[in-house]
Each structure stands twice: as C-alpha cells, then as structure tokens.
Amino acid sequence: MAYDVSPDTPLNSGNNIQMSVDLDDEEKATVVFNELSNGGIVHTELLETEWNALYGACTDKFNIRWMVNCKL
C-alpha cells in the first residue's frame, strides 16, 4: 500500500509518499524492517501490538517513510 500526505499536511521531502508492507512471516518482517531502517531513522521499533501484529515504522536512507506490519 502507498499513500501521500493528507490535505492539511504541508508537502515536504520525506512525507511525499509513505509505503506500507504487510507480511505473514515474523522472521521475514524483521529482515525487511532492519534493511529498510539501516542508515535511516526508526520511528517505532518493530514490536508486538495490540492488534496482534508486529509493527514498526521508519524512514529509510532515501527519506521514504515505511511501515512494516506482520500478522501474528
């Protein structure tokens, strides 16, 4: 899934596009999150959530925001 900023958010480099990846394998989710966040900024560590998933958010080294979600 990909989306852009909401109408009330100023458009800046780094918020012009946000990507979401949904996975069903915890090990693969960890690898994907670690690769995406390597050299970037981790906003939310990849942790178990209240919606029964692993979830993490980061901005990669190219200034693209990513969300990784993995059903448990």
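Select N69 to begin: in this predicted model, N69 is buried, with a relative accessible area of 15%. The residue counts as buried because its value falls under the 20% cut-off. Colouring by secondary structure places N69 in strand β5, which spans residues 65–71.

Next, display the surroundings of N69. Leaving aside residues up to four places away in sequence, N69 touches V21, D22, L23, W51, A53, L54 and Y55.

From N69, move to E48. The two residues are 21 positions apart along the chain, and their C-alpha atoms are separated by 9.6 Å. E48 is found in strand β3, residues 41–48. Is E48 buried or exposed? E48 is exposed, with a relative accessible area of 59%. With residues up to four places away in sequence again set aside, E48 touches A53, L54 and L72.

Where does D25 lie? D25 lies in the loop between β2 (18–23) and α1 (26–37). Its relative accessible area is 37%, so D25 is classed as partly exposed, a category that runs between 20% and 50%.

To finish, show N69, E48 and D25 together: N69 is buried, D25 is partly exposed, and E48 is exposed.

Note on methods:
Residues are numbered from 1 along each chain as its sequence is written. This is a predicted model: local features need pLDDT of at least 70, side-chain atom pairs count only at pLDDT 80 or more; totals for chains, interfaces and linings use all residues. Side-chain values use heavy atoms; hydrogens and water are left out. Helices (H or I, at least four residues) and strands (E, at least two) are DSSP runs, numbered from the N terminus. Buried means under 20% relative accessible area, exposed over 50%, partly exposed in between (1.4 Å probe, protein chains only). Contact means heavy atoms within 4.5 Å.
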